[in-house]
Amino acid sequence: MLGALRRKVATGGSSASVLGKSLQVIRPSVSASRVSSNAGKEILLLQPRGIVHVRNFSHLVLPGCSAGLTKTSDVFSSIQSETIMQKSRRAFSSGDGELVDAVVPFMGESITDGTLATFLKKPGDRVSADEPIAQIETDKVTIDVVSPQDGVIQEYVAKEGDTVEPGVKIAVISKSAEGAAPAAPAEKKSEKAASKPSPPPEAVKEDKSKAKVEASPAVEKPKAPAPPLPKRTATEPVLPPKERERRVPMTRLRKRVATRLKDSQNTFAMLTTFNEVDMTNLMKLRSDYKDAFVEKHGVKLGFMSGFVKAAVSALQHQPIVNAVIDGDDIIYRDYIDISIAVGTPKGLVVPVVRDAEKMNFAEIEKTINGLAKKATEGTISIDEMAGGSFTISNGGVYGSLLSTPIINPPQSAILGMHSIVSRPMVVGGNVVPRPMMYIALTYDHRLIDGREAVFFLRRIKDVVEDPRRLLLDV
C-alpha cells in the first residue's frame, strides 16, 4: 500500500486526495520516532517553491503522531506564506520603488474638482522635487501640480481638458533616467518610414508613366460648362467664411465668473445711483506726501487707499449697505472686509482686504499691492478671496468714464470708480477746470432703499473731497 501511495504521488496525483486515502490504510504500528525523524528530514528537503521529495510525504501524517502533525502544519504555513509573498512581489512590483505618482493636490474647502489646463513639462524631461509639472484651473484660482521627488517624467496618465479631483494621479515620475518613456508612436512611425529603402528610380519612372497613361483619357474628355452662380438678393447677408473663425473652450474661471454674474442679475433687484467727485484735494495730498510716504512705508501712495478709507466711513454711517439678505433674515456684519476687483490675463478675481476699518493708508496700500501681484502671477490662494462684505471696482485704470457695475454675490452693493477727467466746474461763482471722477453705486434694492444709497455715495464724495474729515470724524 505504501508503494502504491508513492507511485500515485510520483505520477502527479493530488496531495490532498493521496493524504486522505493514506490516512485510512496506513498501519498505526509505525513508531513515533521514525515519524519525527522523517518529519525533520522532510523539513530539510522543503524549498520555497514547493515540496521536492514527495515520496516521503506519507510518513508525516501517520495517525497518533502529534509531533509529526505539528511540524507538518508549520511546514505548510511557511510554504504557503512564502509562496504568497513571492506572488505578491511579482504581481505588484513597481521597479523596486523606482516609480512614484504625481497626484492632484487639495484645492480648498469649497472646490471639489478642476480642469487640467496645461502641462508645463514633457515626458522625458527631468524635474526636481516640488517643481510644477502641470496646472489645474478651478472656479477661482489656478493650482500647480508638483513633482513629489527628483526624477524624470515617464508618462502622463491624464489629458489636457480632463476634469480631475484631489488625489487623482496625473503623471508617473521615474527616479532614474532609465524609467523615461520611449519615443512617441508618431516618431516611431516616421523612423520606420525613413528606414524603409526607397524604390529604384526605374520603378518610379514606370509608376509615373502609368499614371500619365491612366490620366490622359480623363484630360481628353470635354469639360462641362459650370452652372451660373445664383444671384444674391438685396436682403441676403454676406457672412464671413468659417475659416476666419476660431472656437476656443472657456476656462473654468471664465465660466464661473459668467455664472455668478448671471445669477446676480437673476437674483438681485439691482439699481445704480451716480455722483461725481472733485479729486483736487486728494491729488494734492498725494503730491505733497508721496516721497515721504515711500521713504517711510516702502510703498507708493495711491488713490485706492483713499477710496477704501472713504468706503469704510460710509459703511459705518450706513450699516445696511454692509448687510446681506439670508432667506427671511437680514445679517448685519460688525466687520468690514473690502473686496478689490483685479483684472488678470486669465480673468477677474476679487481678493479681500480684511478688517479694513483697523488699517491706515500704508497698510491698505501694502495689502492691495501684495494681493494684486499674487493675482497677476496666479499664486493667490482661495482663502485670500473668500468672504468680503463690500466690493470696489476701479475701471478708471483702463479709461472707463462711466459704468454700472454688477453686484458680487452674496454682497449687497458695489462701488465703481472711473477715470479722472479735467472738466469745467463752477467754484465760487467762477468756471474753473477741475479733475473730476464719476462714481457709481449698484445696490440690492430689496434691502437698500434709495435714501441709504444716496447718503452712502454722498459720504464717499465728502471724504474724498476733504480727507480731513477722517481725522475729525465729521
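In the predicted model, alanine 102 stands opposite alanine 171, a residue of strand β10. This pair belongs to the contact between β3 and β10, two strands that run antiparallel to each other and are joined over five bridges. Strands of a sheet pair through backbone hydrogen bonds, and the pairing may be either parallel or antiparallel. The two strands are part of an open sheet of four strands, in which the order is β3-β10-β8-β5 and the pairing is antiparallel. The edges of this sheet are formed by β3, residues 99–103, and β5, residues 126–127; each has a single partner strand, so one side of each has no neighbour in the sheet.

One of the residues involved is valine 152, whose bridge partner in β10 is serine 174. As for burial, strand β10 covers residues 169–174, and because five of its six residues are buried, the strand is largely enclosed by the rest of the structure.

A further open sheet is built from four strands in the order β7-β6-β4-β9, also with antiparallel pairing. In this sheet the edge positions are taken by β7, residues 142–146, and β9, residues 163–164, and since each of them has a single partner strand, one side of each is left without a neighbour in the sheet. The partner of β7 is β6, residues 132–137, and the antiparallel pairing between them extends over five bridges. Isoleucine 136 provides an example, as its bridge partner in β7 is isoleucine 143.

Helix packing is illustrated by α9, residues 303–317, and α11, residues 450–465, whose axes come within 8 Å of each other and cross at roughly 140°. The two helices are therefore oblique to each other, and the crossing in which α9 passes α11 is right-handed. On the side of α9, the contact is made by Phe307, Ala310, Ala311, Ser313, Ala314, Leu315 and His317, while α11 contributes Phe456, Arg459, Ile460, Val463 and Val464. When these residues are sorted by class, the contact of α9 with α11 contains nine nonpolar residues, two polar residues and one charged residue.

Serine 339 is a residue of strand β14, which spans residues 338–340. Its relative accessibility is 0%, and it therefore counts as buried, given that the cut-off for a buried residue is under 20% relative accessible area. If its neighbours within four places in sequence are left aside, serine 339 is in contact with Val350, Pro351, Val352, Gly387, Gly388, Phe390, Thr391, Ile392 and Gln411.

The backbone also has several features that call for separate mention. Most residues other than glycine have a negative phi, and most peptide bonds are trans. Against this background, proline 409 and proline 410 are joined by a cis peptide bond, with omega about 0°. Proline 410 is placed in the loop between β18, residues 390–394, and β19, residues 413–427. Aspartate 130, which lies in the loop between β5 and β6, has a phi near 65°, a positive value in a residue other than glycine. Its relative accessibility is 59%, so aspartate 130 counts as exposed. Aspartate 473 is found in the segment after α12, residues 468–472, and its phi, near 55°, is likewise a positive value in a residue other than glycine. Aspartate 473 has a relative accessibility of 59% and so counts as exposed.

For the protein chain as a whole, twelve helices and 20 strands are present. Of the 474 residues in the protein chain, 34% are buried. Where contacts between residues at least 6 apart in sequence are considered, 63% of those in the protein chain join residues at least 24 apart.

Methods: Residues are numbered from 1 along each chain as its sequence is written. This is a predicted model: local features need pLDDT of at least 70, side-chain atom pairs count only at pLDDT 80 or more; totals for chains, interfaces and linings use all residues. Side-chain values use heavy atoms; hydrogens and water are left out. Two strands pair if DSSP finds at least two bridges between them. Axes are lines fitted to C-alpha atoms, for helices over the stretch in contact, and angles run from 0 to 180 degrees between N-to-C directions. Angles under 35 degrees count as roughly parallel, over 145 as roughly antiparallel, 65 to 115 as roughly perpendicular and the rest as oblique. A crossing is left-handed if the near helix is turned anticlockwise from the far one by less than a right angle, and right-handed if clockwise. Contact means heavy atoms within 4.5 Å. Ala, Val, Leu, Ile, Met, Phe, Trp, Tyr, Cys and Pro count as nonpolar, Asp, Glu, Lys and Arg as charged, and the others, Gly among them, as polar. Buried means under 20% relative accessible area, exposed over 50%, partly exposed in between (1.4 Å probe, protein chains only).
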